[in-house]
Each structure stands twice: as structure tokens, then as C-alpha cells.
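Subject: Structure handover

Hello,

Here is the structure for you to look over. My notes on what turned up follow below it.

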Amino acid sequence: MKYLLVIGDGMADDPVPRLGHKTPLQTAKKPAIDRMASRGLVGSTVNCPPPLPAGSETAILSIFGCDPRRYFTGRSPMEAAAAGIEMRPGDAAFRCNLVTLEDGDMPLSDKRILSHSAGSIDGPSAMASTAALLEDPRFSKALRDARMEIHRFPAFRQLAIQHDSDIRGITFIPPHDHLGEPAGPLFPSGNPRAAVFAHLMELAHEILNHHPATEQRRTSGGLPANGIWFWAEGTAVALPSFRAQYGMEGAVISAVPLCHGIGVLRGLEMVEVEGATGELDTNFEGKLEAVWEKLQQYDFVCLHLEAPDECTHNGDLPGKVQAIEWLDSRLVAPLLERLERADLDHRVLLLSDHKTLTATRGHGAGPVPFLLYDSRRDSKSGSTYDEPSGEKGPFLESGTGLLTLLFEA
């Protein structure tokens with residue numbers, strides 16, 4: 001038996017007026033997924049238990065069978081694990097996004113956050129912008145004074161580590177949940193120790209705003225990477241063994257360090273695909289081949305697609321619908337065809353980890369629909385995979401039970 005977990009990040013949504021008050025999942029053409037739904041089980045589940053944040057950092061922990069109320073210490077430690085960065089006792093990790101802040105002569109505190117990803121900045125530009133900071137004497141000294149280091153990555157997602165850290169009482173706010181809002185009220189706050197992070201963010205804007213690397217982005221029509229944003233703080237975390245819990249090994253195929261980090265901490269293989277960007281232009285064909293290759297090696301494989309989430313954050317509603325349709329036509333359909341042609345029995349769990357709302361361009365809490373399919377059985381439910389169908393089906397109070405369903409444990 002082959003077990004396939006498919007996560008369409010942020011696919012779930014609320015009804016959208018521009019779509020005739022339907023959701024993107026209801027609107028998208030996804031015949032392969034809906035065929036599984038018509039023969040399988042569609043229900044709903046809560047992956048982000050309150051009061052924890054609604055986001056992949058809690059949702060994917062739940063989906064992988066780890067109660068985030070017990071194991072969630074922050075998003076960044078899991079990303080550090082994916083990058084092979086060892087955290088020592090007393091260390092704290094932070095996501096350090098490259099962001100776009102509004103142009104103008106107004107104070108930084110009044111400038112709005114225009115993009116949490118500097119317009120989905122490309123790898124070389126991200127590396128150039130980060131280098132501009134790390135090579136600046138003022139910024140490098142400020143980092144040393146703060147006992148911090150920034151690890152560079154060819155994407156908007158940079159990672160920072162602070163040694164001998166105490167983040168108790170400091171509030172860090174995700175930028176993607178506050179697009180279009182002034183930056184000042186959203187800066188790290190809560191106690192005097194927050195000032196060091198705010199100072200680094202202010203200094204980064206001063207250095208980057210008119211740096212040649214930033215001006216080149218403006219000239220070429222891209223959004224400038226003229227700021228950084230600390231969030232997703234957390235301390236070191238240890239997760240239980242996947243093999244000990246479920247009796248099998250497996251692999252995780254994703255473009256997102258968070259997913260890889262959770263997999264690594266659970267003892268699963270991290271598979272990176274060349275050209276997998278986390279955006280709509282990701283290497284679908286490369287991910288397809290990676291999943292198929294790992295299904296020859298393992299009985300369990302997780303396939304994660306970030307594009308629906310990023311399209312929603314970027315305000316790209318047609319892109320979100322397209323991402324869902326390509327998940328169906330370029331990943332799910334050919335995988336099912338190969339499994340059937342090879343006469344391999346298979347069970348598929350497909351779901352959105354959390355809602356990402358077109359209305360706000362941020363994450364939303366609440367139940368999301370899940371689909372469970374078994375190639376050996378036909379439930380004759382006639383269902384489709386979308387939010388209303390999920391609400392009509394069985395309700396799973398916690399997403400931590402999803403893999404138990406998948407594995408028939």
C-alpha cells in the first residue's frame with residue numbers, strides 16, 4: 001500500500017464576491033481531485049487550534065500528527081532544522097523576511113507594508129539585498145551587539161539566530177497578515193528587549209532603501225526589497241519519531257523550509273527539487289518526478305504545494321485558482337495515473353492546511369476540508385472537494401488524527 005499526503009497550502013477560503021460568492025476551490029476545475037472525492041470521504045478538520053496562530057507553522061504540525069499545543073515553540077526553529085542550523089540552549093530563531101515598505105518621505109512608522117516577500121523576490125536579488133546588509137559596517141556591528149547572525153537564502157525567507165536570547169513578553173507580528181497597514185504599530189514590542197529588533201529593522205530600511213541592489217529592482221519594475229521583518233520567533237524544538245508513531249519512514253517534497261524542517265525533526269527525508277520556488281512558477285514536473293521516485297523507495301510521501309497561499313498573499317485571485325487547477329492537472333492526475341498503471345493500491349489524504357483569505361490576503365482560522373481516498377473502495381458519495389462539502393461530511397476535531405485515518409491505524 002502506498003500512502004500519499006497532498007497539502008495545497010492555503011487553498012481553503014471564504015466565498016469570494018468576484019467568483020459569484022463561491023470559493024476558489026469551488027471555482028477551480030479539478031477533475032482528478034473531484035473524482036477521488038466522489039469515490040472517497042470528504043470532511044472537515046481544525047488544524048490550527050486556538051489560541052495558536054492560524055498558519056502553516058501550527059497546521060502542518062497537526063497534519064503530521066503532533067499537537068501544536070504541546071510541540072509548537074515557533075516557526076523558525078523548524079526552518080532552522082531544515083537548513084541544518086543547530087540551535088544551542090538559549091538560542092532563539094526568527095524569520096527575517098525581505099519586505100517591501102512604501103516609498104515616500106514620511107517616517108518609517110507611517111510607511112505601509114506592501115509585500116511580505118519583496119514582490120516574490122528572485123534568488124539572486126535576495127542574496128544581493130542580504131549581502132548589502134551584512135557587508136554594511138553599521139548593520140554588522142548592530143548584529144554583533146544584539147548577539148545575532150543572519151543566515152542567507154536565495155528567497156525572501158532569511159533566517160536569524162540570537163544567542164543568549166530572552167523573547168518572553170515580546171510580540172512579533174507576521175507581515176503577511178497586515179499588508180497595506182502602517183509598519184510602525186506592527187514593529188516588535190512588549191518590553192525593552194524588543195527595541196533591538198526594531199532598531200535592526202529601522203537600520204535595514206535606511207541602508208536598503210536607496211542601495212543599488214534596491215534601485216535595480218525598482219528600475220526593472222520589481223518591488224524593492226527595502227526592509228526586513230523579524231517574526232515567527234521560537235526556541236529549539238524536538239518532535240517524536242515518525243517511525244515510532246506510525247511504523248514507517250517517508251519523504252517530504254516541498255519548496256518551503258518549514259515543511260522540510262518538520263519532516264526532518266520527525267525523521268523523514270527532506271527532498272529539494274531544483275526550480276521549486278513556492279510560487280506559481282514552481283517546477284511542477286520536477287516535483288511530480290520527485291514524488292514518484294520516492295514512492296518507489298517509501299510507502300509514505302508528502303507533497304506540499306505553496307503556490308495557492310502565496311498567490312493569495314499577493315492578491316492574485318486568478319493565480320490562486322490556477323494553482324489549484326495545476327495541483328490537479330500537473331501533480332495529482334499524473335500521480336494517480338501512474339499508481340493505477342502500476343497496479344499499486346494507494347490511499348490519498350488531500351487537504352488545505354489552513355484558510356488563506358482573498359478578502360484580507362491573510363490567514364484565517366476555522367475548519368478546512370479534507371479528502372480521504374482509497375483506490376480499493378468506492379464510497380459512491382458523489383461528493384466534490386470544497387468547503388461546503390467538507391461541512392456536510394464528518395468533522396474531525398483535531399487535525400492530529402488525520403494520519404491515523406490515512407494509515408487505517
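**Aromatic pairs**

The structure holds 13 aromatic pairs. Rings of Phe, Tyr and Trp (its six-membered ring) pair if their centres lie within 6.5 Å; planes under 30 degrees apart count as stacked, over 60 as edge-to-face and the rest as tilted. Phe94 and Phe172 have ring centres 5.4 Å apart and planes at 50°, so this pair is tilted. Phe94 is in strand β3 (residues 92-101) and Phe172 in the loop between β6 (157-162) and α8 (195-208), 78 residues apart. Both are buried.

A note on the source: this is a predicted model, where local features need pLDDT of at least 70, side-chain atom pairs count only at pLDDT 80 or more, and totals for chains, interfaces and linings use all residues. Residues are numbered from 1 along each chain as its sequence is written, and side-chain values use heavy atoms, with hydrogens and water left out.

Phe242 and Phe300 have ring centres 5.1 Å apart and planes at 25°, so they are stacked. Phe242 lies in helix α10 (residues 242-246) and Phe300 in strand β10, so the pair ties together parts 58 residues apart in sequence. Helices (H or I, at least four residues) and strands (E, at least two) are DSSP runs, numbered from the N terminus.

Eight strands form an open sheet with mixed pairing, in the order β9-β8-β10-β1-β11-β14-β2-β15. Strands β9 (269-271) and β15 (395-396) stand at the edges with a single partner each, so one side of each has no neighbour in the sheet. Two strands pair if DSSP finds at least two bridges between them.

β1 (residues 2-8) and β11 (residues 346-351) run parallel, joined by six bridges. Tyr3 stands opposite Arg347 in β11. β11 pairs with β14 in the antiparallel sense over five bridges. There, Val348 has Tyr373 as its bridge partner. On to β2 (residues 41-45): five bridges join it to β14, again antiparallel.

Look at β14 (residues 368-374) itself. Seven of its seven residues are buried, so it is largely enclosed by the rest of the structure. Val368, Phe370, Leu372 and Asp374 point one way; Pro369, Leu371 and Tyr373 point the other.

Lys287 is in helix α12 (residues 284-297). It counts as buried, at 1% relative accessibility. Beyond four places in sequence, Lys287 touches residues including Ile253, Val273, His304 and Leu331; contact means heavy atoms within 4.5 Å. A polar atom of the Lys287 side chain lies 2.6 Å from the backbone oxygen of His304.

Arg338 sits in helix α14 (residues 317-341). It is buried too, at 18% relative accessibility. The side chains of Arg338 and Glu289 make a polar contact of 2.6 Å. That term covers a pair of N or O atoms within 3.5 Å; within protein, one must be able to donate a hydrogen and the other to accept it, and residues adjacent in sequence count only if both atoms are side-chain atoms. Setting aside neighbours within four places in sequence, Arg338 contacts Leu288, Glu289 and Trp292.

Best wishes

Key
Buried means under 20% relative accessible area, exposed over 50%, partly exposed in between (1.4 Å probe, protein chains only).
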